Amino acid sequence: MDSLAAAPGTGPATSPLRLVRSVRAPRRFEELPDGRTLVMGILNVTPDSFSDGGSFEETGAAVDAGLKMHYEGADIIDVGGESTRPDSVRVSPEEEQARILPVVRALVKAGVLVSVDTMNASTAEKAIAAGAVLINDVSGMDVDPQMPELIARTGVHYVLMHSRGAVRSRDPKASYESVVDEVISELSRIREGFYAAGVSPEQIIIDPGLGFSKDGEANWELLRSLDQLNGLGHRVLVGASRKRFLGTLLATEGRPVPPRERDDATTAVTALAAFSNAWCVRVHNVSPSAAAVKTTAAWKG
Ligand code: PMM
């Protein structure tokens, strides 16, 4: 870490522009450490996270938040402009792009490795042009038909997450006879479409999609089976951060604890996922997970 003095909130130099100028030179994906699990920081640029859309203040606040996670040890920052919460409504690709592209550009300029969480190939294409090196797509079986060709043509890394579609519904497709076998076979099936378009296996990162058309028991079963997911031959990403099943685990008086009270359990999942050879964890609170992946790497020697 260089230039900590300019980290957000630590001194007078907290304007986004000054921060962008003061941080290190760009790094490449290939320079990421390979001796430990990586940490991806979640940057949701949605109206509920930073005021109300597209303004300079909103962009500045989002860039500051991304840089803060970068300084706390995030290896990659995952920028998303569309919420996948069950009660959220879809935004147009134009609206999504207006939210995220200025943030992507500023973070890339600051030398941050940027991933973009999108289900739209048109947004992915613009984000890649703005410097994003990874597309994180939660659409699972509902994948945008243009996405495989785009990933093949641009050669970026691609997170293929399992979901049975309709990512916002709490729906009932969460019924499995054998969740691990079904997730693996459905991921393999979606992967075929990417191979057919010319995507190479090395570009693909798989993700079991915790909480996406899955209940708590299914999530735990998938976490217990990271070895099998690793057996698919790709890097594996785990996204458990602050999810409902952790709130339920820690419930008090029968009520799930709220998202911000799920960070300790998230850190425990990070350590265990790292121990089970996950390639990366996607988290809201970066600092404890950055410590957990380093601790696990030291433990494993
Ligand atoms: N979860 C959410 C959003 N994007 N991407 C990946 N690859 N894996 C996930 O588990 C995942 C994701 C929803 O959680 P959030 O609203 O807290 O970001």
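Which residues of strand β8 (residues 280–283) point one way and which the other way, and are they buried or exposed? In this predicted model, local features require a pLDDT of at least 70 and side-chain atom pairs a pLDDT of 80 or more, whereas totals for chains, interfaces and linings use all residues. Residues are numbered from 1 along each chain as its sequence is written, and side-chain values use heavy atoms, with hydrogens and water left out.

C280 and R282 point one way from β8, while V281 and V283 point the other way, and all are buried (under 20% relative accessible area, with a 1.4 Å probe and protein chains only). In a regular strand, side chains alternate between the two faces of the sheet. Strands are DSSP runs of E of at least two residues, numbered from the N terminus, and two strands pair if DSSP finds at least two bridges between them. Strand β8 runs parallel to β1, to which four bridges join it, and V283 in β8 is the bridge partner of G41. With β7 (residues 235–238), β8 pairs in the parallel sense over two bridges, C280 being the bridge partner of L237.

The ligand is surrounded by 15 residues, of which D117, N136, D207, K243 and H284 are the closest (a heavy atom within 4 Å). Among the polar contacts (pairs of N or O atoms within 3.5 Å), a ligand nitrogen lies 2.6 Å from a side-chain N or O atom of D207, and a ligand oxygen lies 2.6 Å from a side-chain N or O atom of K243. Elements that give two or more residues to the shell around the ligand are β1 (38–44) and β5 (157–161).

Conventions. A polar contact is a pair of N or O atoms within 3.5 Å; within protein, one must be able to donate a hydrogen and the other to accept it, and residues adjacent in sequence count only if both atoms are side-chain atoms. Buried means under 20% relative accessible area, exposed over 50%, partly exposed in between (1.4 Å probe, protein chains only).
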